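Dear colleague,

Please find the structure below, handed over for your records. My notes on it follow directly after.

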Amino acid sequence: MTKTPRKSSKPLLHESDAPVRGRPRRRRDPAQPNLLLDPMPDRIEPCLALLKARPPKGDDWVYEIKWDGYRLSVHIEPTGIRILTRGGHDWTHRFPAIKQAAMWLPVGTAILDGEAVVLDEQGRSDFGLLQQSLGGRGGKAMSSDAIFMAFDLLYFDGHDLRNSELDMRRHLLEDLVPAEGQGDIRLSEEVEADGDTLLRIAYEHGLEGIIAKRRGAPYRPGRLGDWVKVKCVQSDSFFIVGYELSVAARGRIGALLIAARKGNELVYVGSVGTGFKESEAWKLRGMMDRIKRKTPPIAYAGRRKDLVWLQPTLIAEIEYRAWTSDGKLRHASYKGLRDRQDNAEVYEIE
């Protein structure tokens with residue numbers, strides 16, 4: 001026998017068909033604290049990797065591939081997207097694909113730390129290709145080829161994460177930017193390997209090097225040792241202080257003369273005669289011819305002839321294998337010009 005449904009003591013509709021009203025809202029107790037959100041920083045000074053000869057060991061360290069590009073922070077704000085260089089310059093307009101990808105991330109507010117790179121056919125970051133895509137040093141071109149490799153999350157939906165451990169920040173970042181993604185914002189994945197093994201693999205694949213990060217460290221600006229970089233091939237920035245004329249060479253540049261800082265002076269550290277592409281060489285030659293000077297900006301006792309001296313304003317990224325006993329670069333190769341807006345740091349001799 002079917003039972004008659006019991007009449008509810010709290011009917012959904014009133015007999016009079018009057019609209020149903022919820023329970024009156026109680027006034028907030030003034031003694032109850034507000035749940036405050038962290039203000040979003042306008043800019044965050046980046047954490048920088050300290051150069052070491054060998055990777056650190058121990059369970060407290062995690063490892064990533066080192067990317068060769070421009071350090072950027074992507075700010076996702078209620079008013080839109082901002083993409084800032086390491087020096088704080090707004091380059092949003094120069095990376096439209098990264099900006100569009102940031103708009104699609106499932107988050108209201110965030111600050112991502114990472115590197116803008118252009119990948120070659122083997123999937124390796126190539127600084128020269130990135131420079132070309134941006135129109136070279138001082139160029140104003142927009143890069144449609146650059147992608148953003150995200151490796152840290154500094155602010156997330158109203159919460160400042162800089163005092164959180166790296167493991168916590170990475171956990172949130174991996175939820176926001178999935179691994180193995182193929183979009184214009186990708187995750188720089190942590191690699192399960194010990195430092196020596198990863199460095200050997202990076203060397204075999206022609207990569208620039210590896211980064212080691214202390215998993216329990218907060219995010220602190222500057223080179224404090226929480227992040228360590230180990231390079232397969234050395235690469236640093238130097239001033240171009242002159243060039244040797246050559247009728248046979250591309251752009252008629254036989255070799256660049258380069259210098260490092262030593263206190264308040266510039267010190268000659270060698271010449272670079274390889275790494276130039278035809279179009280780059282002629283463009284570089286045009287830039288150098290606008291900053292000629294009659295006297296050398298360095299002490300020079302070399303034997304090269306037909307030298308043209310320059311004001312030390314152009315900064316070149318130079319790849320090299322080692323230093324000679326007399327303080328010169330060994331097997332040096334030109335990679336491209338760095339921009340001061342990228343906060344390029346000229347190598348300093350201690």
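Predicted model: local features only at pLDDT ≥ 70, side-chain atom pairs only at ≥ 80, totals over all residues.

Is aspartate 157 buried, partly exposed or exposed? With a relative accessible area of 36%, aspartate 157 is partly exposed, where buried means under 20% relative accessible area, exposed over 50%, and partly exposed in between (1.4 Å probe, protein chains only).

Residues are numbered from 1 along each chain as its sequence is written, and side-chain values use heavy atoms, with hydrogens and water left out.

Overall composition

The chain has 5 helices and 19 strands; helices (H or I, at least four residues) and strands (E, at least two) are DSSP runs, numbered from the N terminus. Of its 350 residues, 45% count as buried. The chain exposes about 20100 Å², of which carbon and sulfur atoms supply 50%; accessible areas come from the Shrake-Rupley method with a 1.4 Å probe, and for residues only the protein chains shown count as cover. Among contacts (heavy atoms within 4.5 Å) with a separation of 6 or more, 68% are between residues 24 or more positions apart.

A nonpolar core is here a set of buried Ala, Val, Leu, Ile, Met, Phe, Trp, Tyr and Cys residues joined through side-chain atoms within 4.5 Å. The largest has 31 residues, and Val74, Ile76, Phe95, Leu112 and Ile185 have the most contacts inside it. Elements giving two or more residues to this core include strand 3 (70-77), helix 1 (96-103), strand 5 (110-117) and helix 3 (166-176). Strand 3 gives the most, with 4 residues. Leaving aside neighbours within four places in sequence, isoleucine 76 is in contact with residues including Met40, Ile81, Ala102 and Leu112. A second, separate core of 25 residues includes Ile253, Ile258, Tyr320 and Ala332.

In helix 1, the buried residues are Ala97, Ile98, Ala101 and Ala102. These residues cover an arc of only 140° around the axis, which puts them on the same side of helix 1; the arc is that of the directions from the helix axis to the C-beta atoms. An α-helix has 3.6 residues a turn, so residues three or four places apart point the same way. The cover over the buried residues of helix 1 includes strand 3, strand 4, strand 5, strand 6 and strand 8.

An open sheet of 4 strands has the order 1-10-9-2, with mixed pairing; two strands pair if DSSP finds at least two bridges between them. Strand 1 (50-51) and strand 2 (61-65) stand at the edges with a single partner strand each, so one side of each is left without a neighbour in the sheet. Strand 1 pairs with strand 10 (residues 227-231) in the parallel sense over 2 bridges, and leucine 50 has valine 228 of strand 10 as its bridge partner. Helix 4 (residues 195-204) lies across strand 2, strand 9 (209-214) and strand 10, and runs at about 155° to strand 9. For that angle, axes are lines fitted to C-alpha atoms, for helices over the stretch in contact, and angles run from 0 to 180 degrees between N-to-C directions.

Strand 12 and its partners

Why is strand 12 (residues 253-262) described as largely enclosed by the rest of the structure? The reason is that 7 of the 10 residues of strand 12 are buried. Strand 11 (residues 234-245) pairs with strand 12 in the antiparallel sense over 6 bridges, and leucine 245 has isoleucine 253 as its bridge partner. Strand 12 also runs antiparallel to strand 13 (residues 265-272), joined to it by 7 bridges, and alanine 260 stands opposite valine 267. Strands 12 and 13 form a hairpin with 2 residues between them, and glycine 263 in the turn has a positive phi of about 65°.

Individual loop residues

Aspartate 157 lies in the loop between strand 6 (147-156) and strand 7 (159-160), and its phi is near 45°, a positive value in a residue other than glycine. Histidine 331, in the loop between strand 18 (329-330) and strand 19 (333-338), likewise has a positive phi, near 55°. Histidine 331 is exposed, with a relative accessible area of 61%.

With kind regards
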